[in-house]
Amino acid sequence: MTHPTPSNVRADLVPQVARLLSTRTIQQVAEEARADGESLRDLVDRYDIDYAWHVLGSQRLLDETLAAWGSLLKSAPTEQQRAEVAALLGAVAVGQASDQLMSFDNELAPQLAEMMADAAGAAQPEHAPSEAA
């Protein structure tokens with residue numbers, strides 16, 4: 001199933017971010033919990049998991065991504081950059097199946113921050129070296 005990408009999202013980044021995700025279906029998580037003798041509550045608490053669409057749309061992941069990006073930028077992201085990250089996470093969230101689970105404890109924030117920094121750098125025109133007079 002494909003979903004339209006909002007106009008303020010770099011469409012080329014959506015599949016790249018989706019490939020970074022580590023998700024499992026509810027069925028897979030239930031089978032693991034049963035094999036380990038855990039209740040769903042135990043498993044959710046231990047792995048800090050929720051629906052992938054919820055994790056991707058969370059303020060927590062947005063804040064972690066912006067903090068990581070700010071570290072790379074050596075300054076706080078602008079409001080426009082904040083909006084771009086939020087829109088990108090939202091676009092990826094929309095594409096997740098309703099039975100996909102994802103942990104809040106993941107490496108997505110630093111990976112996404114690096115991807116956004118690279119994309120922002122690629123969008124900047126290169127400065128030609130000045131010629132000696």
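A residue counts as buried under 20% relative accessible area, as exposed over 50%, and as partly exposed in between. Arg60 has 37% relative accessibility, so Arg60 is partly exposed. With that scale in hand, let us walk through this structure, which is a predicted model.

**Overall layout**

The protein has seven helices and three strands. Read from the N terminus, the elements follow the order α-β-α-α-β-α-α-α-β-α. Of the 133 residues, 32% count as buried. The accessible surface comes to about 8,600 Å², and carbon and sulfur atoms hold 52% of that surface. Among contacts with a separation of 6 or more, 78% are between residues 24 or more positions apart.

The three strands form an open sheet in the order 1-3-2, paired antiparallel. Strand 1 (23-25) and strand 2 (49-51) are at the edges with a single partner strand each, so one side of each has no neighbour in the sheet. On average, neighbouring strands are turned by 40 degrees against each other, direction ignored. Strand 2 pairs with strand 3 (residues 100-103) over three bridges, in the antiparallel sense. Within strand 3, Leu101 is the bridge partner of Tyr51. Helix 2 (residues 26-36) packs on this sheet and touches strand 1, strand 2 and strand 3. The direction of helix 2 makes about 80 degrees with that of strand 1.

**Two nonpolar cores**

Which residues have the most contacts inside the largest nonpolar core? They are Leu56, Val85, Leu88, Leu89, Leu108 and Leu112, in a core of 26 residues. Two or more residues each come from helix 1 (13-20), helix 4 (52-56), helix 5, helix 6 (79-94) and helix 7 (108-123). Helix 7 gives the largest share, seven residues. Leaving aside neighbours within four places in sequence, Leu112 is in contact with Val17, Thr65, Val85, Leu88 and Leu89. A second, separate core has five residues, including Val29, Ala33, Ile49 and Leu101.

Is Thr65 buried or exposed? Its relative accessibility is 0%, so Thr65 counts as buried. Beyond its neighbours within four places in sequence, Thr65 is in contact with Val85, Leu89, Ala109, Leu112 and Ala113.

**Salt bridges**

The whole structure contains six salt bridges.

Glu32 is partly exposed at 22% relative accessibility, and Arg24 is partly exposed at 29%. The pair of Asp36 and Arg46 links distant parts of the chain: Asp36 belongs to helix 2 and Arg46 to helix 3 (residues 40-47), ten residues apart. Asp36 is partly exposed at 45% relative accessibility, and Arg46 is partly exposed with a relative accessible area of 45%.

The pair of Arg60 and Asp48 also links distant parts of the chain. Arg60 sits in helix 5, while Asp48 lies in the loop between helix 3 and strand 2, twelve residues apart. Asp48 has 28% relative accessibility and counts as partly exposed. Finally, salt bridges with shared partners join Asp36, Glu38 and Arg46 into one network.

How values were computed: Residues are numbered from 1 along each chain as its sequence is written. This is a predicted model: local features need pLDDT of at least 70, side-chain atom pairs count only at pLDDT 80 or more; totals for chains, interfaces and linings use all residues. Side-chain values use heavy atoms; hydrogens and water are left out. Buried means under 20% relative accessible area, exposed over 50%, partly exposed in between (1.4 Å probe, protein chains only). Contact means heavy atoms within 4.5 Å. Two strands pair if DSSP finds at least two bridges between them. Helices (H or I, at least four residues) and strands (E, at least two) are DSSP runs, numbered from the N terminus. Axes are lines fitted to C-alpha atoms, for helices over the stretch in contact, and angles run from 0 to 180 degrees between N-to-C directions. A nonpolar core is a set of buried Ala, Val, Leu, Ile, Met, Phe, Trp, Tyr and Cys residues joined through side-chain atoms within 4.5 Å. Accessible areas come from the Shrake-Rupley method with a 1.4 Å probe; for residues, only the protein chains shown count as cover. A salt bridge is a side-chain nitrogen of Lys or Arg within 4 Å of a carboxyl oxygen of Asp or Glu.
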